[in-house]
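Please keep the sequence and the structure in view while reading.

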Amino acid sequence: VDGVYMKAGLEREKTVLLCVIGVREDGTKELLAMGEGYRESKESWADVLRDLKFRGMNSPLLVIGDGALGIWSALNEVYPDSLHQRCWNHKIINILDKLPKAMHKEAKKRLREIYQADTVEQCKEWIRNYAQDLIVAGQNKAAVALTKDIEELTSFFNFPKEHWIHLRTTNPIESVFSGVRNRTKVVKRFRKRDNAKYMIFKLI
């Protein structure tokens with residue numbers, strides 16, 4: 001799940017197009033929803049999820065997204081049985097933002113090793129170990145960012161190992177959005193909101 005900003009008409013505020021891409025058991029990806037929202041709020045995400053439920057979608061086994069609070073609050077309300085998985089790519093970027101550039105190379109290496117652990121127990125142990133090393137190095141903010149949402153960072157371990165590479169990040173939807181952003185940057189501004197939504201729908 002993720003959102004992409006859409007500029008349409010002469011409105012001063014940016015509208016967010018909230019998108020949900022589902023993955024079937026055989027790996028086939030499906031665009032499930034594309035709803036208009038405001039700043040990825042809980043209310044906007046809840047509208048998208050309620051529409052999916054109304055159309056007959058059962059509770060997803062796992063939902064992967066970034067740290068935006070709106071989607072997770074809405075999920076707890078509409079699909080409370082779904083497991084939550086925080087995107088590791090977003091987590092790494094968040095941690096690197098709190099570290100001096102001199103520490104980035106080592107941080108990337110350590111974090112990659114952590115999410116590639118063989119077991120959930122090993123992953124959590126390595127998270128705690130690296131957090132302690134960061135504290136010793138005087139990087140408390142990065143340590144807090146690493147240990148925050150530790151359960152949601154390791155939900156993918158509940159699924160078959162061959163699926164882990166696809167469940168750790170929002171890459172499947174981010175790669176789609178990169179093409180959308182390239183096209184919308186060229187257009188810059190649509191005269192009508194529906195024109196923007198139609199083009200983004202066709203691109204996705």
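The chain exposes about 12,100 Å², and carbon and sulfur atoms supply 51% of that area. The model is predicted. Of the 204 residues in the chain, 42% count as buried.

**Overall form**

- The chain contains ten helices and five strands.
- Its radius of gyration is 18 Å, close to the 17 Å that the globule rule gives for 204 residues, so the chain is as compact as a globular protein of that length.
- Taken along the principal axes, the box filled by the C-alpha atoms is roughly 55 × 35 × 30 Å.
- Among contacts with a separation of 6 or more, 55% are accounted for by residues 24 or more positions apart.
- The side chains include 35 positive and 27 negative ones, and the centres of these two sets lie 9 Å apart.

**The largest nonpolar core**

- In soluble globular proteins, nonpolar side chains tend to be buried together.
- The largest nonpolar core of this chain has 28 residues, of which W88, L111, Y130 and L146 touch the most other members.
- Two or more residues each are given to this core by strand 4, helix 3 (88–96), helix 4 (104–115), helix 5 (120–136), helix 6 (140–147), helix 7 (150–153) and helix 8 (164–167).
- Helix 5 supplies the largest share of this core, namely five residues.
- Leaving aside residues up to four places away in sequence, W88 touches L111, I114, Y115, C123, I127, L153, F156, R168 and T169.

**The second core and helix 2**

- A second, separate core comprises 16 residues, including W45, V48, I71 and A74.
- Helix 2 spans residues 69–78, and G70, I71, W72, A74, L75 and V78 are buried within it.
- The buried residues of helix 2 pack against helix 1 (42–54), strand 4 (62–65) and strand 5 (83–86).

**T184 in helix 9**

- T184 is found in helix 9, which covers residues 171–187.
- With a relative accessible area of 17%, T184 is buried, because buried means under 20%.
- Not counting residues up to four places away in sequence, T184 touches F190, M199 and I200.
- T184 and F159 are 25 residues apart along the chain, and their C-alpha atoms are separated by 36 Å.

**Two loop residues**

- Q139 has its place in the loop between helix 5 and helix 6.
- Q139 is buried, with a relative accessible area of 17%.
- Apart from its neighbours within four places in sequence, Q139 is in contact with K98, L99, P100, M103 and L134.
- D149 lies in the loop between helix 6 and helix 7.
- Most residues other than glycine have a negative phi.
- D149, a residue other than glycine, has a positive phi, near 60°.

Notes. Residues numbered from 1 in each chain as written. Predicted model: local features only at pLDDT ≥ 70, side-chain atom pairs only at ≥ 80, totals over all residues. Heavy atoms only, no water. Helix = DSSP H or I, 4+ residues; strand = E, 2+ residues; numbered from the N terminus. Rg over C-alpha atoms; globule rule 2.2 N^0.38 Å. Buried < 20%, exposed > 50% of the residue type's maximum accessible area, 1.4 Å probe, protein only. Contact = heavy atoms within 4.5 Å. Areas by Shrake-Rupley, 256 points an atom, 1.4 Å probe, with all protein chains shown as cover. Lys, Arg positive; Asp, Glu negative; His and termini not counted. Charge placed at Lys NZ, Arg CZ, Asp CG, Glu CD. Core = buried A, V, L, I, M, F, W, Y, C linked by side-chain atoms within 4.5 Å.
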